[in-house]
Amino acid sequence: MPVIYINIQKLKKLIGKESLSEDDLNEILFSLKSESKKIDEATLEVEVNSDRPDLFSVEGIARAIKGLTRKEMGLFEPKVKDSGFQAVIGEVPSRPYIAFGIVKGIELGEEGLKELIQFQEKLHVTVGRNRKKVAIGIHDLRKVPSINLTYSMVSLDREMKPLGDDKYMKIKDVLSNTQQGKSYGDISVLGGAHPAILSDGEIISLPPVINSEITRLEPNTKDLLIDVTGTEKTTVLKTLDLLCSVLNEHVGSLIERVEVIGPGSNDYRKDPQLGRTKIRLNENYIGKILGFEPSHEDIIESLLRMRFGLSEEQKGEIEVIVPEYRLDILHQIDLVEDVAMAYGYNRIPIKNPTFHTEGSLLNYTLSGKVARLILLGLGFQEVSSFTMVGEEAKMFEGENDRVIKIKNPISESMSFLRPNNIVSLLLVLRENQHVELPLKIFEMGDCAFESNGRVIQKKTIALALMKDELSFEEIQALVHSFLSSIGIDVKYRRDENKYFISGRTARVIANEIPIGILGEVHPHVLTSLGIKYPVGAAEIDMDILSKMIKK
Amino acid sequence: MEKISLSDGERKLLSAIVNFPNKVEISELSRISGIPESTVNAIIELLKSKGLVREEVTYNIILELTPEGKKALEEGLPEEKLTSILLSQGAKQISELEGILGKKELQLSLGAARKRGVVDIVSGNVVLNKDKLTEISIDKEVLKRISSGKELTKEMAERVEVLLKRGLVKKEIKKVRKVEAEIPIAKKALETGSNVIVKLTSRDILSGRWKESIVKEYNVELLPPRVSPGLPHFYMLFIEKIKEALESLGFAEVNGPIIESEFWNFDALFQAQDHPSREIHDTFWVDLPDQELDAKIEMIERVKNIHETGGTTGSKGWRYRWNIENAARLILRTQMTAVSARTLASNPKPPFRFFAIGKVFRPDLIDSRHLPEFYQLDSILGSEDMSFSMLLGAIVEFFAKMGLKEVKFKPAYFPFTEPSVEGYVKIDPLGWVEVFGAGMFRPEVLEIAGISVPVGAWGMGLDRLAMALLGVDDIRKLYSKNIEELRKQFAQNISKLM
């Protein structure tokens, strides 16, 4: 969940409520799915959810709070006019969509500049899918060379002055030498060219990589040119709408539209469109989903407090106007949640479930209980280990099988899946060599391996016995006792494998079906793991065993 | 005289001592009787206290060879090397000998040889006195006799001081303990003494010997030796308790694979393929070839349509190109809701309640609150009249069964539910602990699965709940390899687990 830092004074100023207590603030943010914490006198740390990108900014949060506290309800009305700026869009196959918007009259300051960049970065990571789907560039409007902008592919040999540098350099060098170039340079580069936004022949932005130093934002910047580029049209347009609308929360600010022309001869728009959708919300639907019927008045008030607009109400259906910055409203179900949030989750009358169903446990669980009972009686201590293990897994590969490797492990000791549970038991025994011997342990759990290209996943129960001096019969007697106690007829057949001593390995046959393996662990395995004492071990397939127990 | 009682051990040893005409050494007694020396010592003390034997302690000085002495006996005394050089090559300059033997060795040999008059030094020359060579052989004889424990003649005994100084021999003071029976009292005790039984045997019982014997009194207040039982794992018991609670509330247990396709873990739950949580930081990928999707073609079609344009649900969908190859990729499941997705797709007949408990995997660095694999619960409830308030009611019902009466709800976000809720439960002494997430499955999810009734879902990370309820402060302790730690946790939590 994204975490942002906002200036408390600024928030209070935007809300217009100097006397909002910290507790009230926490409670309101709580009902907006957020958690907040004051980290110093001036700063509030807020954990927000990725379904509400408008709340990644202090302006968006202020707008939401004004609604919930009834200070300002219903739709926010953006102030918009034409700017006179014009953008001509060319063919940019690797990043085809772009939208432009202008917001003027923002008093940024140091704090505001930091928060604006924070807003931009959080949007990049979430909505932007790490800039692949959408990327945002924000420019100081006063520094843009001309009112005419173009967007096209330019050669990698073309020069620009990247943000943070005072020299011109070739785009190919920007991509290979700057931090942003290295992180994002691969996304939209294509055939020796890269998308770029130009004004009066100067490159002012190289989306999604980096802006130009020419249009750099300063704390005293008042007017912003915003560009949003990406690979999905609707998301690009909506992200621009979101940014412009949210920033317009500043008193005295103004959104100015940019004419966007091309690439097709019929393509013409004015950005931002600030388009609002209408969704029909059925009051019966609300009642069905929530399980109780809030009154018509409560529903209306909740919608208004959540800053929605209403266009029609008739016969239990409300036509709700969804503001331009609510990217999360896909279906009327999303409105139902907002109604419940404003109503207050802890006010919702709780209903006891009205339907009866029969409970049951899986065979595996029931057999596990039986197995545990018997093994405890034989003196085995239960353990529970990780399914992920280290390189030691390879010692336990079957003849034609392969251990399964994790491509992105967090550590070497957890880079494979255990192919059996015996390996985990040995790892436990290794840590308990100081304990009084003999030591008997068991574990029930999952293991997996690859066999002829197929993934085999099993649930097994493994036992191990560690002693000063061990004989095969001792571990065999325990396995025999365990299975016989369940009423299973057990036989043994000589077998071979990589980790048991040859001549001390047996396949366990239960009621004529091969159900497991048993043997003395080979000294090369013990030495490799640092175990000083001999160990006898066995592993039984729980899927097969639980079917037998059921019968 | 009062009848003296003898245990079997005392009787055996006393008989052995009585048979010796003279004092017998304790180590000899142990050898003859076959009883270990420490036990013999203990029995002697008992016999002494009953006045049946008396003990004599003497201290003997024993001579022994040091390691150097042993070496000298095997390889020759240092001065022998010198004399053999002089014998074969005649007199030599000291400097020359230094070159052959080394300064240190020469010093040792010269010193020893001169003392016995075997060599003389004449103006820097070392000269051998052949008739004194016997001195060296006598020294060697002394070493030999000491080594074999033979007696030394008076003349040899005088040489011992020098050998002691040379570090070839050492003196040891040995304590010698001898015992002797007090006749006639010992003989009488053997004839007439009563039997004391230390360990009752079947023979004692069957032969009737128990009637004439006394059973020795034990100090029953001493602590016994440790015996460790096999114990269940405290966390596994906790999980079983949760399963039983859910069963009693009408939930049927289901399960699914830990290696899962992205299809069931994400796509079937309407989570977009370009969602950040499907990336390398938040999901474990496995090195396996893609397997064929185990889902019906119709369902795969529905997933594609609904992701791209919302299908027929009235939703807008995510508006991107859905790719079946991405869905077929294999990962370690990140949530038990993957199992719920499978359950929904199996077309259960409403009303239904299902739950699944198993391991889920997320690339989290290990610390006291995070692990890359942990247990999670997911449960679903579906019925004609299922609703959000009923879901909240089901959750309250479950926690009441666990003995937790206070629950607090907070709006939340999950990609596959709407409305969504997060919840806190009051657990003493911690206060409010965040333990669960829940919500009504989105219409898109239900349409993907082909389900026509509302379905609520709620899930919990069981590790967090267990830690709060069982007073465990570090998540790693739930998977501890330390057996003593496991036994301790079991003991501390018995009342909560049984």
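## The second largest pocket

The lining of the second largest pocket divides by class into 10 nonpolar, 5 polar and 10 charged residues. Before selecting anything, bear in mind that this is a predicted model. The pocket has a volume of about 630 Å³, and of the 25 residues that line it, those closest to its centre are D401(A), F449(A), Y499(A), R507(A) and I517(A).

While strand 27 is on the screen, go to E512(A), which is placed in the loop between strand 26 (500-510) and strand 27 of chain A.

## The interface of chains A and B

Colour the two chains separately and turn to where they meet: 88 residues of chain A are in contact with 96 residues of chain B. The area buried between chain A and chain B is about 8,000 Å², and carbon and sulfur atoms give 58% of this area. On the side of chain A, select L330(A), Y345(A) and F355(A), which lose the most area to chain B and together make up 9% of what that side buries.

Next, look for the charged pairs that cross from one chain to the other. Side chains of opposite charge can pair when their charged atoms come close. Between chain A and chain B the count is 5 salt bridges, and one to select is that of D334(A) and R442(B), whose side chains meet at 2.7 Å, N to O. Between the two chains there are also 42 residue pairs in polar contact, both residues being at pLDDT 80 or more.

Several elements of chain A supply at least two residues each to the side that touches chain B, among them helix 2 (22-31), helix 8 (283-290), helix 10 (332-343) and strand 24. The largest share of that side, 5 residues, comes from strand 23 of chain A. By class, the side of chain A that touches chain B has 36 nonpolar, 28 polar and 24 charged residues.

## The enclosed spaces

Rolling a probe the size of a water molecule over the atoms shows where empty space is left. In this model the count comes to 4 cavities of 30 Å³ or more, and the largest cavity has a volume of about 410 Å³. Which residues are the closest to the centre of the largest cavity? Select Y364(A), M444(A), M236(B), K243(B) and Y375(B), which hold that place among the 28 residues of its lining.

The elements giving two or more residues to this lining are helix 11 (363-377) and strand 23 (439-451) of chain A, together with helix 12 (234-248) and strand 13 (352-361) of chain B. Helix 11 of chain A gives the most, with 5 residues, and by class the lining has 7 nonpolar, 9 polar and 12 charged residues.

For the second largest cavity, which holds about 90 Å³ of space, stay with chain A and select its lining residues, including L32(A), R52(A), D54(A), R305(A) and Y325(A). Helix 3 (residues 58-68) of chain A gives the most to this lining, with 4 residues, and the classes here are 5 nonpolar, 1 polar and 6 charged.

## Last selections

Over all chains the count comes to 78 salt bridges. One of them to select is that of K114(A) with E111(A), where the closest N and O atoms are 3.9 Å apart. Because K114(A) and E111(A) are 3 residues apart in helix 4 (residues 109-125) of chain A, about one helical turn separates them.

Finish with two peptide bonds, one in each chain. In chain A, a cis peptide bond with omega of about 0° joins L437(A) and P438(A), and P438(A) is placed in the loop between helix 12 and strand 23 of chain A. In chain B, a cis peptide bond with omega of about -5° joins D428(B) and P429(B), and P429(B) lies in the loop between strand 16 (417-427) and strand 17 (431-441) of chain B.

Technical notes. Residues are numbered from 1 along each chain as its sequence is written. Chains are lettered from A and ligands numbered from 1 in the order in which they are written. This is a predicted model: local features need pLDDT of at least 70, side-chain atom pairs count only at pLDDT 80 or more; totals for chains, interfaces and linings use all residues. Side-chain values use heavy atoms; hydrogens and water are left out. On a 1 Å grid over the protein atoms alone, a cavity is a set of points where a 1.4 Å probe fits but cannot get out, and a pocket is an open set with protein on both sides within 12 Å along at least five of seven lines; lining residues have an atom within 4 Å of a point. Grid points are joined across faces, edges and corners, and a volume is the space filled by probe spheres set on the points. Ala, Val, Leu, Ile, Met, Phe, Trp, Tyr, Cys and Pro count as nonpolar, Asp, Glu, Lys and Arg as charged, and the others, Gly among them, as polar. Contact means heavy atoms within 4.5 Å. Buried area is the accessible area (1.4 Å probe) that two parts lose on being put together, summed over both. A salt bridge is a side-chain nitrogen of Lys or Arg within 4 Å of a carboxyl oxygen of Asp or Glu. A polar contact is a pair of N or O atoms within 3.5 Å; within protein, one must be able to donate a hydrogen and the other to accept it, and residues adjacent in sequence count only if both atoms are side-chain atoms.
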